[in-house]
2 protein chains.
Amino acid sequence: MPDGFELDRFMPYRLSVLAARVSRDFAARYRERFGFSNAEWRVLAHLSASGAVSVRDIHLRADLEKSKASRAAARLQSAGLVEKRADAEDRRLVALTLTAAGRAAMAELIPLAHAYEAELMAELPPEDRAPFERMIARLTGEA
Amino acid sequence: MPDGFELDRFMPYRLSVLAARVSRDFAARYRERFGFSNAEWRVLAHLSASGAVSVRDIHLRADLEKSKASRAAARLQSAGLVEKRADAEDRRLVALTLTAAGRAAMAELIPLAHAYEAELMAELPPEDRAPFERMIARLTGEA
DNA sequence: TCGCCGTCATTGCGCTTGCAATGATCGCCC
DNA sequence: GGGCGATCATTGCAAGCGCAATGACGGCGA
């Protein structure tokens with residue numbers, strides 16, 4: 001093999017490994033208490049910050065495929081955490097909102113999420129944390 | 001909604017979005033030329049650097065589920081890019097190697113990969129690049 | 001040498017995924 | 001006002017996924 005490719009130095013690979021590891025570890029925290037998937041977590045989290053939103057909103061703002069968002073919302077609805085109505089002004093849209101049970105779940109999940117994030121970032125020296133977030137934003141094309 | 005959760009400031013989510021975007025963009029580059037999946041890319045890339053490896057090797061060093069690695073190798077074999085033999089010394093193992101066609105594909109893929117990585121990292125100011133890689137390594141638990 | 005436990009790769013199975021097609025509704029222009 | 005292209009959510013379908021079970025094999029102790 002002349003000069004092979006070093007996969008484990010390849011940034012797309014490294015980012016993928018890191019993101020998968022972090023998602024899996026965080027999921028382990030809420031999966032033992034609640035039972036939902038990453039997509040369901042994202043829908044709940046997005047709903048807790050925005051009022052009534054459509055599937056399209058979730059698709060765009062929670063980075064979920066349209067069908068994935070739709071199915072996650074359907075599962076959450078049958079679990080009683082989310083309510084789904086037709087939007088009053090545009091009947092093509094659905095208006096998704098958290099139920100009382102959904103809000104209760106988020107009340108448990110939010111501290112858990114912040115705790116996990118704090119543990120994760122504690123791996124970095126304090127002076128690196130803000131620059132790291134800035135770099136992530138830059139690579140994501142946010143700035 | 002009392003104080004909702006800001007999903008787009010949540011580091012696990014941000015890492016997930018970034019990694020997905022990067023993987024998708026890079027995949028777009030090789031998918032138009034070759035046809036393979038992310039798992040197949042990883043198998044090829046790992047094989048180009050290591051000699052004859054087992055499925056277990058790929059599982060551990062390319063961060064692929066055992067069955068995913070096995071099936072990716074099977075697809076690459078029937079595409080003629082990979083050869084699969086029984087290991088001479090331990091017949092439980094398979095010895096995977098690139099065929100001539102596989103090496104030819106990697107000869108095209110490697111510059112493409114490096115070019116993509118360079119474009120990606122060009123989003124960061126030069127003095128940030130080394131620290132960024134260090135931070136990724138730290139969060140991944142490599143150091 | 002035999003038996004047993006551990007390791008390896010594959011595969012069966014149910015579930016999820018992504019994509020394209022569908023049906024419903026809207027906005028707009030004629 | 002009526003029709004037409006665009007947008008929204010859902011769903012059918014084939015492909016891919018993870019997990020557990022399977023079968024093949026190696027290593028080691030008695």
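Me: How many degrees of rotation superpose chain A on chain B?

Reply: A rotation of 180 degrees, with 0.0 Å of shift along its axis, brings chain A onto chain B with an RMSD of 0.1 Å (least squares on the C-alpha atoms of residues with pLDDT of at least 70 in both copies). That is how a two-fold axis relates copies. Bear in mind that this is a predicted model, where local features need pLDDT of at least 70, side-chain atom pairs count only at pLDDT 80 or more, and totals for chains, interfaces and linings use all residues. Residues are numbered from 1 along each chain as its sequence is written, while chains are lettered from A and ligands numbered from 1 in the order in which they are written.

Me: Which helix gives the most to the side of chain A that touches chain B?

Reply: Two residues are in contact if their C-beta atoms, placed from the backbone, lie within 7 Å. Here the contact takes 41 residues from each of chain A and chain B. H1(A) gives the most on the chain A side, with twelve residues; helices are DSSP runs (H or I, at least four residues) numbered from the N terminus. Because 100% of the interface residues of chain A are also interface residues in chain B, the copies meet through the same surface.

Me: And which residues are closest to DNA strand D?

Reply: A residue is near a strand if its C-beta atom, placed from the backbone, lies within 6 Å of it. 21 residues surround DNA strand D, the closest being A:Ser54, A:Arg56, A:Ser67, A:Ser70 and B:Ser67. H4(A) gives the most to this surface, with five residues.

Methods:
Helix = DSSP H or I, 4+ residues; strand = E, 2+ residues; numbered from the N terminus.
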